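Here is a short briefing on a single chain. The points below are grouped by topic.

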Amino acid sequence: AMSTPSSHTPVVIFMSDGLADEHDAVNTARIFQDLNDQISSTTGSDLSLHVIAFGPGLDQRQLLNIMQSSNQGRIHSSANASQLSDIFIEIAKTTSDVANVLEAEIGRRISEAVSEKVSLEYLG
């Protein structure tokens, strides 16, 4: 997140079963608060923090505390793999640059792999 270009919004997705002890939840919230403060002072925008809770018996209070580490924090709940997939799609849709960044990175990696393969086979 710290090396995110200023033209993009840093995004962190934090997944938890919500069963951490209070000390772990407080430390995690503090870490995200420090990260958000650094990003905000560097880029002028807050970290887009998505906290995904999954499974039974989660402690919503702890996860809300972590989510509030950023003004752009959101909490999501998932009971199964299908809901988890839907959450990731929602995050990608609401984070304007995610799809473009992923598309560019995938294209770059495919191009590098093909170039390497061609170089090895034909120039080898």
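**Briefing: fold, core and contacts**

The chain holds four helices and three strands; helices (H or I, at least four residues) and strands (E, at least two) are DSSP runs, numbered from the N terminus. Along the sequence the pattern reads β-α-β-α-β-α-α. This is a predicted model: local features need pLDDT of at least 70, side-chain atom pairs count only at pLDDT 80 or more, and totals for chains, interfaces and linings use all residues. Residues are numbered from 1 along each chain as its sequence is written, and side-chain values use heavy atoms, with hydrogens and water left out.

**Overall numbers**

- Of the 124 residues in the chain, 25% are buried; buried means under 20% relative accessible area, exposed over 50%, and partly exposed in between (1.4 Å probe, protein chains only).
- The accessible surface is about 7900 Å², and carbon and sulfur atoms hold 55% of that surface (Shrake-Rupley method, 1.4 Å probe; for residues, only the protein chains shown count as cover).
- Among contacts (heavy atoms within 4.5 Å) with a separation of 6 or more, 68% join residues 24 or more positions apart.

**Strands and crossover**

- Strands β1 (residues 11-16) and β2 (residues 48-54) pair in the parallel sense over six bridges; pairing requires at least two DSSP bridges between two strands.
- M15 faces I52 of β2 across this pairing.
- β1, α1 and β2 form a right-handed β-α-β unit: with the strands pointing away from the viewer, the path from the first strand over the helix to the second runs clockwise.

**Aromatic pair**

- The chain has one aromatic pair; rings of Phe, Tyr and Trp (its six-membered ring) pair if their centres lie within 6.5 Å, with planes under 30 degrees apart counted as stacked, over 60 as edge-to-face and the rest as tilted.
- The ring centres of F14 and F32 are 5.4 Å apart and the planes stand at 80°, so this pair is edge-to-face.
- F14 sits in β1 and F32 in helix α1 (residues 22-43), so the pair ties together parts 18 residues apart in sequence.
- F32 is buried, at 10% relative accessible area.

**Nonpolar core**

- The largest nonpolar core has twelve residues, including V12, F32, L49 and I66; such a core is a set of buried Ala, Val, Leu, Ile, Met, Phe, Trp, Tyr and Cys residues joined through side-chain atoms within 4.5 Å.
- α1, β2 and α2 (60-67) each give two or more residues to this core.
- α1 supplies the largest share, four residues.

**An exposed loop residue**

- N71 lies in the loop between α2 and β3 (74-78).
- N71 is exposed, with a relative accessible area of 65%.
- Beyond its neighbours within four places in sequence, N71 contacts N36 and D46.
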